[in-house]
Amino acid sequence: MTRSRSRTRRRPPAALALPALLAIAFLLMPLLGILARTSWGELGTHLTGPDVTEALRLSLVVSFWALGLSLLLGVPLAWLLARVDFPGKALVRSLVLLPMVLPPTVGGVALLLGFGRRGLLGPWLEGTFGITLPFHTSGAVVAATFVAMPFLVISLEGALGGLRPRYEETAASLSASPFRVFLTVTLPMVAPGLAAGAALTWARALGEFGATITFAGNLPGATQTLPLQVYLLLQDSPEAATSVSLLLLAIAMAVLVALRGRWTGSASVRSGSVRSGSVRGTSPADAALEEPSTLDAGPTPQPAENPTSAEPGPSWSLHAEVTGFNELTLEADPGITIAVVGENGAGKTTLLRALLGLTPRAHAELRLGGLDVTALPPHKRGVAWVPQDGALFPHLTALANTAYGLRAQGVARGEARAAAQRWLDRLGVGHLAHRKPAQLSGGQAQRVALARALAARPRLLLLDEPLAALDQTTRARVRHTLRTHLAGFAGVCLIVTHDPVEAVSLADRVLVLDAGRTLQDAPPTEVTRNPRSPWVARMLGRNAWAGEASGDGLVLAGGGRIVAAEQLREGSRALAIIAPESVSVHRKRPDGSPRNVWSGTVREITASGSRLRVLIGSAESPDLIAEVTPQAAAELGLVEGSAVWSSVKATEVTLVPL
Ligand SMILES: Nc1ncnc2c1ncn2[C@@H]1O[C@H](COP(=O)(O)OP(=O)(O)OP(=O)(O)O)[C@@H](O)[C@H]1O
């Protein structure tokens, strides 16, 4: 209410409103002309004459055939233009656009020269199939298709361009073949764009005149469609021409008004998302999932796994040699979870995409268990991917989403849905099985996405920041669920994360990437104790200062020095790691044993669980994080800007050679 009121209250600038109103008047005037000049009394007589009804029948036949042909040929063409890079693509796109800008009569001449009796293909068509297009209804269909199909291709290509490839890639990672992905994910998701394109195409075919009369002629009962009839009537009976024009106008308007929701591109998704009662298998998209599994070419079907079964299934180790942007070898036994961490741009996503076979930027020689999947396309690898936002298919219920992988592998519908329901139950979202993704919270959607990936029985599981979108409380809960379910997974799981808690608590190993290469690959305890880069140390909440070994410690890269109990070879590069809880904070310079004492200023105080983290800036050392109890902070009277002394015992400094 409030929004619509504020919308109506805002006055548009006159410089825009005036020409816009003029444009509306300009478009409206001819329509008003038809309405004003229609002889309403004779309308019935004009429209029921045999010539007019015959022309109307022909128009409908021709325009629907043209629409059908445009869908049959134009949908694949739009997909090709939107999804495949090939030489001469710009030229093909220009070719598609050409009939839109070509005068229709020129189009007709071109059709004659291409498909006419003396055209390039005409004699062959006549000789082989006995088809003569000119003066035949099929010629009118060809002419209408020629001028109308571009509308479908262009609007569908636009819709496909707006669809994030993540959904299609996820579907492929769930074993769906490219054709199945197209039918069950791409098409339903671009349905509004397709409907809009189809409406335009049909309307254009219905109104086609120039190319038809030039190519197919004006033969009553064969090629004389309504627009041609209007042209004839205009010379002999202008009133009848007006009535027929009104009829064409009414038909076109009716179609456009009926489809108006689709023009916004959101109608179907919107209606899908608010309908809570979208029941098992009743939505058209759900039905599309029940297509025969001949569409599939995924991994060999096995009986749908019962997630509660204690019987051991096959297990899959991982051996990957990655080249390209990433240069690394990765080995892991079944059941191992590896956290992949690294700075922005370190190559985490590229590594996952290489394992999926989805990027030309890196190539993975990939062996899962005893199976070399290197040469297999993404949908045959058995590598399931859960992207950051889950990428649940918005047109499918949680149940249909979860059953997607099994259906793609050819598992029977009932069996797939039963297994999907068990997975959803197991992840605590079974009661939401019939909801669409838009009706799920972030945490629920993440669980469904995980259920969907696990239900597809992958040999390798890739999770891209699975908890990033969740708030802290939900994150802790979902992390717990995730840990429980990963424990039962019989393959290797890679989790990309920026969250140290996630890395340490979920993973058996932490793989630290730097510029696409392995900087460290070790258990969390080892990485926490001896992080091999300042970035990892800081990510794990440690202070990390880089420097060069000299005497009893390190000469720091940014100036200053730190004393450590352990010694390294003089001149070697190393990191000095200091746990925040090992840093003491004082208001006066401390006496006694600590060898490392710096003066500084409190820059920031933040809460970290039940303790406080104090960031201390100093002219004598790099920034230092200290962890203190709230009670100690209160006793010291710490506030931002307080002048303090910080100290660290030499025995609390760990030196990690670089
Ligand atoms: N399609 C692409 N074409 C060219 N360079 C790319 C492409 N995608 C990524 N890159 C580059 O490759 C490098 C690795 O990118 P990647 O997305 O794998 O990093 P990341 O570790 O996942 O980063 P983030 O933490 O920001 O997600 C970056 O330098 C990035 O700019």
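Helix H18 (residues 348-356) supplies three residues, the largest share, to the shell around the ligand; helices (H or I, at least four residues) and strands (E, at least two) are DSSP runs numbered from the N terminus. This is a predicted model, in which local features need pLDDT of at least 70, side-chain atom pairs count only at pLDDT 80 or more, and totals for chains, interfaces and linings use all residues. Residues are numbered from 1 along each chain as its sequence is written.

**Ligand shell**
- Phe-325, Gly-342, Asn-344, Gly-345, Ala-346, Gly-347, Lys-348, Thr-349 and Thr-350 surround the ligand, each with its C-beta atom, placed from the backbone, within 6 Å of it.
- The shell comprises two nonpolar, six polar and one charged residues; Ala, Val, Leu, Ile, Met, Phe, Trp, Tyr, Cys and Pro count as nonpolar, Asp, Glu, Lys and Arg as charged, and the others, Gly among them, as polar.

**Helix H9**
- Glu-168, Thr-170, Ala-171, Ala-172 and Ser-173 of helix H9 (residues 165-173) are buried, with 20 or more other C-beta atoms within 10 Å of their own, all placed from the backbone.
- These buried residues pack against helix H10 (178-189), H18, strand E6 (383-386) and helix H19 (398-408).
- Ser-175, which follows H9, has a positive phi near 85°.

**Domains**
- An automatic or database assignment divides the protein chain into domain 1 (57-269), domain 2 (287-304 + 312-527) and domain 3 (541-657).
- In domain 1, 19 residues are in contact with 26 residues of domain 2, contact meaning C-beta atoms, placed from the backbone, within 7 Å.
- H9 and H10 are the elements giving two or more residues to this side of domain 1.
- The residues on that side divide into eleven nonpolar, five polar and three charged.

Technical notes
A residue is buried if 20 or more other C-beta atoms lie within 10 Å of its own, exposed if 12 or fewer, and partly exposed in between; C-beta atoms are placed from the backbone. Two residues are in contact if their C-beta atoms, placed from the backbone, lie within 7 Å.
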